[in-house]
Amino acid sequence: MLLKITFTQQRRVRLAQGLWLMSWLAVMSGAFIFCLGVYLKTELLRRAEVMDNTEIHMVPNILMMVGLVSIGTNWVATRVCQDSLDASRFPRWKLLLMAWFAVAMLLCCLLLAVVVLSYALQGRLEESLKVGLRNGIRFYKDTDVPGRCFQKETIDRLQMEFRCCGNNNFKDWFEVQWVSNRYLDFTSKDVKDRIRSNVDGRFLLDGVPFSCCNPASPRPCLQYHLTDNSAHYSYDYQAEELNLYSRGCRQALTDYYMEMMNSTGPGVLSVILIQMSVLVSLRYLQTAVEGATALEDPEGESVGYLLEKGVKETFEDVKANVLDILKFAQVDPSAAEGSPGAEDAEKPADNTTEKAASPTPSPAS
């Protein structure tokens, strides 16, 4: 037996009581994980318009699923703790506990996967924001196009909330037409010249939307002619620290979401420790109670353990049981259809039987 411990009746009762409290703590931890997943999912959905794909949603989806399942499994553990004090009621949990241990182990593995994915998906998140923000900036002007009419408001609120400008930086606005044609005076010489100077016929500006302006700057916001030193008094485009947000929104959003996901790591690891503690304690309680029942002395001493055999032997037993189940599930072709040889052997036997049964005609007198 692996890691065996001797339990008296009093120790079994204390173990059951302590495990009952720990199981309820695990139930609350499951609720915490579920709420964490809901919060993260909500934050991702709020910025769905500036994301190209939803791969990162895998993390909150797993958190919500694990949280709900954890609440159910640990509530079952509280019931097992109560019935462990009654020798007549505990045996009914024997088969269910094997499934419970499998589910509890799976939950711990999924929580570990969440921690790994939180770091592994950073590149995918950044790429998704890169494409989504690029499209958002390109459709900024389409305030009268169905499906894009709120894009301007989304980008403006995003830049003001996260104190950022553009995708990589404010220069991204120089490469797109962000002013709608309905607000351009096509009789103006300046508008005509700008459109003719562009191969694609777009009205490009060396300017940015108002939401890029940094209110902390002492100088009034300069939105237009940002690359023209003569357009503003005491202004140098190369040397001046512009009164615009210098950080790009892609970096700002990536930092925001990664900080949020990374902060969930310690909480998730704490829940894993609680879940593992419940799993180990329940295994000791199960084996100790079953040992006392087998000795037909519910109030006597019994031995509790994690594994009845060594790790290698236990693995081989589980492997053999799984293979037996798979073999049992397979359909035996010979059982459904007889072999051709057996059919041929049956036919002559049938003919011989028929001949023996038919009466021999008597000779004519």
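Me: Leaving aside its neighbours within four places in sequence, which residues is Thr143 in contact with?

Reply: Thr143 is in contact with Cys149 and Lys152, where contact means heavy atoms within 4.5 Å. Before we go on: this is a predicted model, where local features need pLDDT of at least 70 and side-chain atom pairs count only at pLDDT 80 or more, while totals for chains, interfaces and linings use all residues. Residues are numbered from 1 along each chain as its sequence is written, and side-chain values use heavy atoms, with hydrogens and water left out.

Me: Where is Thr143, and why is Thr143 called partly exposed?

Reply: You'll find Thr143 in the loop between H4 and H5. Helices (H or I, at least four residues) and strands (E, at least two) are DSSP runs, numbered from the N terminus. Buried means under 20% relative accessible area, exposed over 50%, and partly exposed in between, with a 1.4 Å probe and protein chains only. Thr143 has 27%, so partly exposed is the word.

Me: How far apart are Thr143 and Ser180?

Reply: In sequence they are 37 residues apart, and in space 7.8 Å, C-alpha to C-alpha.

Me: What makes Asp144 and Arg182 a salt bridge?

Reply: The term asks for a side-chain nitrogen of Lys or Arg within 4 Å of a carboxyl oxygen of Asp or Glu. The side chains of Asp144 and Arg182 meet at 3.8 Å, N to O, so the pair qualifies. Asp144 lies in the loop between H4 and helix H5 (151-162) and Arg182 in the loop between H5 and helix H6 (189-196), so the bridge ties together parts 38 residues apart in sequence. Asp144, at 48%, is partly exposed, and Arg182, at 52%, is exposed.

Me: Which residues do salt bridges that share partners join into one network?

Reply: Glu43, Arg46, Arg47 and Glu161. The structure holds 15 salt bridges.

Me: How do you know that Arg124 and Glu55 form a salt bridge?

Reply: Their side chains come to 2.5 Å, N to O, so the pair meets the cut-off. This bridge links distant parts of the chain: Arg124 sits in helix H4 (residues 122-138) and Glu55 in the loop between helix H1 (9-46) and helix H2 (58-83), 69 residues apart. Arg124 has a relative accessible area of 48% and is partly exposed; Glu55, at 33%, is partly exposed too.

Me: How much of the chain is buried?

Reply: Buried residues make up 38% of the 365 residues.

Me: How many helices and strands are there?

Reply: The chain has ten helices and two strands, and along the sequence the pattern reads β-α-α-α-α-α-α-α-β-α-α-α.

Me: Among contacts between residues at least 6 apart in sequence, what share joins residues at least 24 apart?

Reply: That share is 73% in this chain.
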